[in-house]
Each structure stands twice: as C-alpha cells, then as structure tokens.
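Let's take a friendly walk through a protein together. Keep the picture open beside you as you read.

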Amino acid sequence: MAKANTDYLKLPGSYLFSTIAKKVKEYALENPDATIIRLGIGDVTQPLAPKVIEALHSAVSEMGEKETFRGYAPDLGYEFLRSTIAEKDYKSRGCDIAADEIFVSDGAKCDCGNIQEIFSKDNTIAVCDPVYPVYVDSNVMAGRSGEYDPEAGCYKGIIYMPCTAENDFTPDLPGEVPDLIYLCFPNNPTGAVITKDKLQKWVDYANEHGSVILYDAAYEAYISQDDVPHSIYECDGAKACAIEFRSFSKTAGFTGLRLGFTVIPKELKLDGVSLHSLWARRHGTKYNGAPYIVQRAGEAVYSEEGRKQVLDQVAYYMENAKCIYDGLKECGYEVYGGVNAPYIWLRTPDNMSSWDFFDHLLKDANVVGTPGSGFGPGGEHYFRLTGFSSHENTAEAVNRIKKLHI
Ligand code: MLT
C-alpha cells in the first residue's frame, strides 16, 4: 500500500504568506470599501527596467526566427549569463568564483528549499530565529525534524539560534554543532546585516567543525554600508564550506519573471563527495533550465545602463524603507532594519502579540504587514513591514499608523 509523506503533517497550517493572503482576502470581501495597503509579502511594485524589457523583446524576436530559435536551455544555465555573473558579482569583489560554479535557476526560494536534497537526512540543521520559513519547512518536509511544539512555536530536533535586539539580530555561534547552518544577510525578516569580521568567524567555525553554511544573499543589492560583505566568498576559506544563493527578484524586480542562481564551489567536498557534482546531477535530472528570454533579461541587468536602472529601483524602495523607519520612530515605535535591507522590523506596542497587531493594523488602518511570530518564536511581539510599495502608498500607510497613536 502506498504511504504518504507524513512529515508534511508536522507543518501547522499553510505557508506563512498564503495564510496572510487568505486573511486579507476575507477581510477585503467583508469590507469592500476598505483601501488596503499591502506591506506584507516582499513583492516588488515597480515595472521592469527599460534595459530588461529591451532584452526580453529582442530575445522573443530571436525565438520567432528559424535561425535563432532555442529549445531546451542548458540545465545549469547559459554560458553568457554564468560568465557575466562570475565577472560582475564575484571577480569584481575579489571573489574567485568560476562561471561553472554558478547554477542558474528560476529563483532563490526554490534553490533554498531544494538544496537540502543533496544532504543526508541525518544532518542536523541550525536556523536563525526569526527565520525565512522556507529553510525550516523544506527540512521538515524532508524528515529532518521532530514534531512541532505549539507551546514553544518550534520544531524538535532543529537548532534555533536566537537573533534579538541584544545581539543586533545576528546569531551567536551555537554550542551544539549543527551539520547545516542557514544564514541570510541582509536578513529577512529583521533587515540586520553581518560585518565581514563576524561572518569570517562563522566560516572558520564551519571549517573547523565540518559544517556547511547555506548563505542566502538575496538582498545583497540593498547593502549601503561599507563594512558589510556582499558575498560569503569575501571571507577566507568560504569556498571550502559555503553555498550561496542569489536572486534577481529583489535586485531587479524579477518576482514575476523568475531568475536566481546558486554558487557551489568545486572545492566544497564532504568526505570526498563533491556537492557541486551532486547539485549538477540534481539540476540535470529535475530541471530543464530557466527560459532563454529570462536569462537574456538577467544578462541585461549587468549592462552599464541596466545596472543603473535597477540601482535606481533599489534606491526607490529604500526611500520607502526610510519613510517607514522615520515615521514609526517619530511616534515612539522601537524600529530596526531599513538601512541595508528593504525590511523594517518593529516591536509591537504594549507587548501585543504579533498576530493581534496584524489584526489591529488590518482593521484599524487597512495596512497589511507580516506578524513576526510567523518567522519563528523569536519573532513574537515583532512585526515586519516592507519598502516594496509605491511612495504614495507607503506615505499613506505611515500616516494611517501614526493616526492610530493619536
Ligand atoms: C518575503 O516576503 O519574505 C519574501 O518575499 C518571500 C520570498 O522571497 O519568497
């Protein structure tokens, strides 16, 4: 008799952002006159950059001509994109990453969720708390956790590393050594960053203990301060212990187009087994490559004009983040993030629970955010707002929140 994967049953409810979307939809149906402003999921709102659109049009035309039509893309990515990434994202920062260590995909979420497949089921994992839920949920689905403890708001068998205001939302090295360590900087959801010195300590720790760091750098384009590393490979020895995920979603507004990549250095081996080879085998078996037209659009992001256009978009969202940060600070909120990341992380007033604050903002200000507890027990009494809306909606949302305080 067939058996279902009952590890899925350990997951309470639905995926965080699906739960929020459902609640907001219900509220909108009951209150059709409400003008709801969405600062919840980190989804971009600005149209694609002109250079990206130009590249898409040109690639679409190629697909309509016999001589330039393309079928299946190479499953690890087109050489033109892989070598551009190696040059512009890594060599330019002094990181020795080769084009064939870059695996192009349809986004960082899929890669972050799928990467656990190339590790033994017996591996222990450590995550920051609060944390982007994909790292935890994908490992629970794969049987790498015990039951969910509703009291504690976490899974048995997973190491949660507290990220609090006291440690600047960067975790301390864990006492119990994990096999796999998920780190995300600039951080989702707290907006915190890690200095190069601190990140070096993680790399040294991983190399000393034989752990692998799974480093999510999806928000790298938002870094504004000098001492913040853009890639883990800026640290000595990282090629022997770290995998890095990058995304075009937040960098260039590709949330609807879909493009990302994962870097696995060839020297990263566990007991002589190359993780690069395993991921290549997995990619080749389960994936047919990101579409040609999308990879051409990705290449356009690195052109001189394209780069300038996407950086302007990043600056636009960061103005929103500043507007939220300053506005909330003015009316007495404890606020974090928003300097090197498009996320604002705020402490709920009067020690309200994260979900109560979510309901309060939705009903009394018609503003949607993300409850901190949805990111793990350490997020309780916190709340996340994004800078990804328009200037107008962001300013209006801040005004509405300020009025709640009068
Ligand atoms: C978020 O809001 O945390 C992100 O948009 C989710 C994602 O990138 O998958």
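In H6, the buried residues are Leu199, Gln200, Trp202, Val203, Tyr205 and Ala206. You are looking at a predicted model, so please keep that in mind throughout. What lies over these buried residues? Their cover includes E6, E7 and strand E8 (212-216).

## Helix H12 and its buried side

Now move along to helix H12 (residues 391-404), which has 14 residues. At 1.5 Å a residue H12 should span 20 Å, and this agrees with the 20 Å between its end C-alpha atoms. Which residues of H12 are buried? They are Thr394, Ala397, Val398, Arg400 and Ile401. These residues cover an arc of only 160° around the axis, which means that they sit on the same side of H12.

## Around the ligand

Which residues are around the ligand? They are Phe17, Ile41, Gly42, Lys109, Tyr132, Asn188, Tyr219, Lys250, Tyr343 and Arg384. Let's look at three of them in more detail.

Gly42 uses its backbone: an N or O atom there lies 2.7 Å from an oxygen atom of the ligand. With Tyr132, it is the side chain that takes part, as one of its N or O atoms is 2.5 Å from a ligand oxygen atom. For Lys250, a polar side-chain atom lies 3.0 Å from an oxygen atom of the ligand. On its own, the ligand has 270 Å² of accessible area, and the protein covers 85% of that.

Before the next stops, here is a handy rule: most residues other than glycine have a negative phi, and most peptide bonds are trans. Where does the chain depart from this pattern? The peptide bond from Asp129 to Pro130 is cis, with omega near 10°. You can find Pro130 in the loop between strand E3 (125-129) and helix H5 (133-141). Another cis peptide bond runs from Phe185 to Pro186, this time with omega near -10°. Pro186 belongs to the loop between strand E7 (180-184) and helix H6 (196-209).

Asp168 is not a glycine, yet its phi is positive, at about 55°. Phe169 also has a positive phi, near 60°, and is a residue other than glycine. Asp168 lies in the loop between strand E6 (159-162) and E7, and Phe169 is in the loop between E6 and E7 too. Is each of them buried or exposed? Asp168 has a relative accessible area of 54%, so it is exposed. Phe169, at 4% relative accessibility, counts as buried, because buried means under 20%.

Notes:
Residues are numbered from 1 along each chain as its sequence is written. This is a predicted model: local features need pLDDT of at least 70, side-chain atom pairs count only at pLDDT 80 or more; totals for chains, interfaces and linings use all residues. Side-chain values use heavy atoms; hydrogens and water are left out. Helices (H or I, at least four residues) and strands (E, at least two) are DSSP runs, numbered from the N terminus. The expected span of a helix is 1.5 Å times one less than its number of residues. Buried means under 20% relative accessible area, exposed over 50%, partly exposed in between (1.4 Å probe, protein chains only). The arc is that of the directions from the helix axis to the C-beta atoms. A residue is near a molecule or strand if one of its heavy atoms lies within 4 Å of it. A polar contact is a pair of N or O atoms within 3.5 Å; within protein, one must be able to donate a hydrogen and the other to accept it, and residues adjacent in sequence count only if both atoms are side-chain atoms. Accessible areas come from the Shrake-Rupley method with a 1.4 Å probe; for residues, only the protein chains shown count as cover. Contact means heavy atoms within 4.5 Å.
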